[in-house]
Amino acid sequence: MIRNVSVGIDVGSAAVRVVVGEFLKGEKDPKIIGTGEAPAEGLRHGYVTDAGQAAQCVRAALRNAEKSSGIKIRRAFVSVGGVTVRGESQSGEAVISKADGEVTALDINKALEDCEENLSLGNKKIIGIFPTSFKLDGKEVLGRPEGMRGTKLEAKALFVTTSDQHLEELLSVVAEAGVEPVDIVAGPVAASAVALSEKEKIVGSALVNIGAETTSLAVFENGTLISLYTFSIGSSDITNDIALGFKITLEEAERMKLGEDQSQFSKKKFEEIVEARLADIFELIGNHLKKIKRNELLPAGIVFVGGGARTPGLEELSKSSLKLPSKIGTTEMFGQNKTRVRDSSWFTAVGLLYSDSSGSGYASSSSSSLFKGLKNTIKSITKQLMP
């Protein structure tokens, strides 16, 4: 019997996490049958600084996942994160090709390709495309334009991009670890598959992933991604501040940050240190929301995930600073032995399991050239490095 197994690899600055999931017949959510984790080395702010070290870490996480799942991992979905991951909006248009004016998937793809041609990519690679709005003959289209009739289709889309070099180095590391990347998904997009409900994505919400060295902000509205930005600040900055403030080791500071070993220290001073650094993060988030005209205008509020989401007092500080509903991301998914996946640091790796069904952006029945470059990059690097 052929098993429908999917694997997600999240290469972060603090840890490499691998999740193995099996999709059982009739079930929309995967059953997590294996996990593997290893401390990350050779990475900084989400990009590779030492390929050899990084590949060793990926191999170690893969071995742990293979041991717990009993499955040899050869192919996987890979998340890409780091400071170079951004969302960029662009507009484009296409003249309807059919004589009767019926809009087809081909017309939609042409309009989206025009959006891409109007984009200034430079040294960046597109890893996802999310149409945010369509107009047909100047009138806004609610829903999909396919099947409607008109003469000119205008499209606006958000392109998720990352540094070309950063992406190639990440793919090289994964290939060197002996795994063929099936597809690349932006980390915040993968995490949203687990952390946000469809309703939250429709009414308006923001997913904030506070990692070790970066914080990503992904804003959703009308069921799609409308903005994405990554800041070069993370939970390790809070740890460093605590270590300096109390003249203690980083290990002690980390435990203190997570609510342990606080009895012999000043609670007031600890709160002041944490609040100061969180205030910096909230200021960056608030400024970006103002830039996209969504400050205080997201009904579903902010959902926090990542290792930094466990920082005490995060929700209350967020509510008072950003004037939005705030909560820590949770999921109803269960792992081995029916244990709920409580640690949101795993949400990106778990969310990758849905990549087959949810994809990394727009998909249609027509062939599109938008992702050929990315697919060719994956294939060429894999060929060079796979044994």
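This is a predicted model: local features need pLDDT of at least 70, side-chain atom pairs count only at pLDDT 80 or more; totals for chains, interfaces and linings use all residues.

Start by selecting helix α8 (residues 267–291) together with helix α9 (residues 314–322): they pack at an angle of about 45°, and their axes sit 10 Å apart. That angle makes α8 oblique to α9, and the crossing of the two is right-handed. Now show side chains at the contact: α8 brings Glu275, Leu278, Phe282, Ile285 and Gly286, while α9 brings Leu314, Leu317, Ser318, Ser321 and Leu322. Sort those by class and you get six nonpolar, three polar and one charged.

On the α6 side, pick Asp237, Ile238, Asp241, Ile242, Gly245 and Phe246; on the α8 side, pick Lys269, Phe270, Ile273, Val274, Arg277 and Leu278. This contact has seven nonpolar, one polar and four charged residues.

Next, salt bridges: the whole structure has 16. Zoom in on Asp100 and Arg149, whose closest N and O atoms are 3.2 Å apart. Asp100 is in the loop between β7 (86–95) and α2 (105–117), and Arg149 is in the loop between β9 (139–141) and β10 (152–163), so this pair ties together parts 49 residues apart in sequence. Color by accessibility, and Arg149 counts as exposed at 51%, with Asp100 partly exposed at 40%.

Stay on Arg149 and select Glu102: their side chains also meet in a salt bridge, 3.9 Å from N to O.

Technical notes: Residues are numbered from 1 along each chain as its sequence is written. Side-chain values use heavy atoms; hydrogens and water are left out. Axes are lines fitted to C-alpha atoms, for helices over the stretch in contact, and angles run from 0 to 180 degrees between N-to-C directions. Helices (H or I, at least four residues) and strands (E, at least two) are DSSP runs, numbered from the N terminus. Angles under 35 degrees count as roughly parallel, over 145 as roughly antiparallel, 65 to 115 as roughly perpendicular and the rest as oblique. A crossing is left-handed if the near helix is turned anticlockwise from the far one by less than a right angle, and right-handed if clockwise. Contact means heavy atoms within 4.5 Å. Ala, Val, Leu, Ile, Met, Phe, Trp, Tyr, Cys and Pro count as nonpolar, Asp, Glu, Lys and Arg as charged, and the others, Gly among them, as polar. A salt bridge is a side-chain nitrogen of Lys or Arg within 4 Å of a carboxyl oxygen of Asp or Glu. Buried means under 20% relative accessible area, exposed over 50%, partly exposed in between (1.4 Å probe, protein chains only).
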